Amino acid sequence: MKKILIILMLTMGTKAFASCDVFIPNKYFHHDSGYSINFDFYKLLQPKGYFEVLDSSAPHVLLIEGQEIKGRFHKAQARMSFGDIHIIQTVVCLTQWCGVSDYAKAFNKAYRRLSDQLPVCRK
């Protein structure tokens, strides 16, 4: 009887945490120069009660993308989306083409805004 009770409690406990699971399909940004920016969202998700999982059927998905906006002045644009929260940050590139450092600045700003707007997960 104790074993059944323990198994039941463990199963219920993991389902309670499942609502706070986050799937991040792409954890890096690859620049045309051959360099990449790798993201680690543990410090963002853990204090808010979220857990990163490798299962694409998780209730929350964190999307990350970057692109270069061409015009008179080129801009590095970083986008982060988490449910209803959509963050877009742009940085004006000081050279003719946007470098990895420009994207790093844009992603850093987007990360900080996402950190401020991310709600605490209620189980």
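Two disulfides are present, a disulfide being a pair of cysteine sulfur atoms within 2.5 Å. The model is predicted: local features need pLDDT of at least 70 and side-chain atom pairs pLDDT 80 or more, while totals for chains, interfaces and linings use all residues. Residues are numbered from 1 along each chain as its sequence is written, and side-chain values use heavy atoms, leaving out hydrogens and water.

Select Cys20 and Cys121 to begin. Their sulfur atoms lie 1.8 Å apart, and the torsion of -85° about the S-S bond makes this link left-handed. The pair connects distant parts of the chain, 101 residues apart: Cys20 is in the loop between helix H1 (2-18) and strand S1 (21-23), and Cys121 is in the segment after helix H3 (100-117). Helices (H or I, at least four residues) and strands (E, at least two) are DSSP runs, numbered from the N terminus. Cys20 is buried at 0% relative accessibility, as is Cys121 at 11%; buried means under 20% relative accessible area, exposed over 50%, and partly exposed in between (1.4 Å probe, protein chains only).

Next, select Cys93 and Cys98. This disulfide has an S to S distance of 1.9 Å and is right-handed because its S-S torsion is about 95°. Cys93 is buried at 4%, and Cys98 is buried at 3%. Counting bonded cysteines along the chain, the pattern is 1-4, 2-3.

Finally, move to Gln77 in strand S6 (residues 75-82), a buried residue with a relative accessible area of 10%. Beyond its neighbours within four places in sequence, Gln77 has contacts (heavy atoms within 4.5 Å) that include Glu65, Ile88 and Tyr103.
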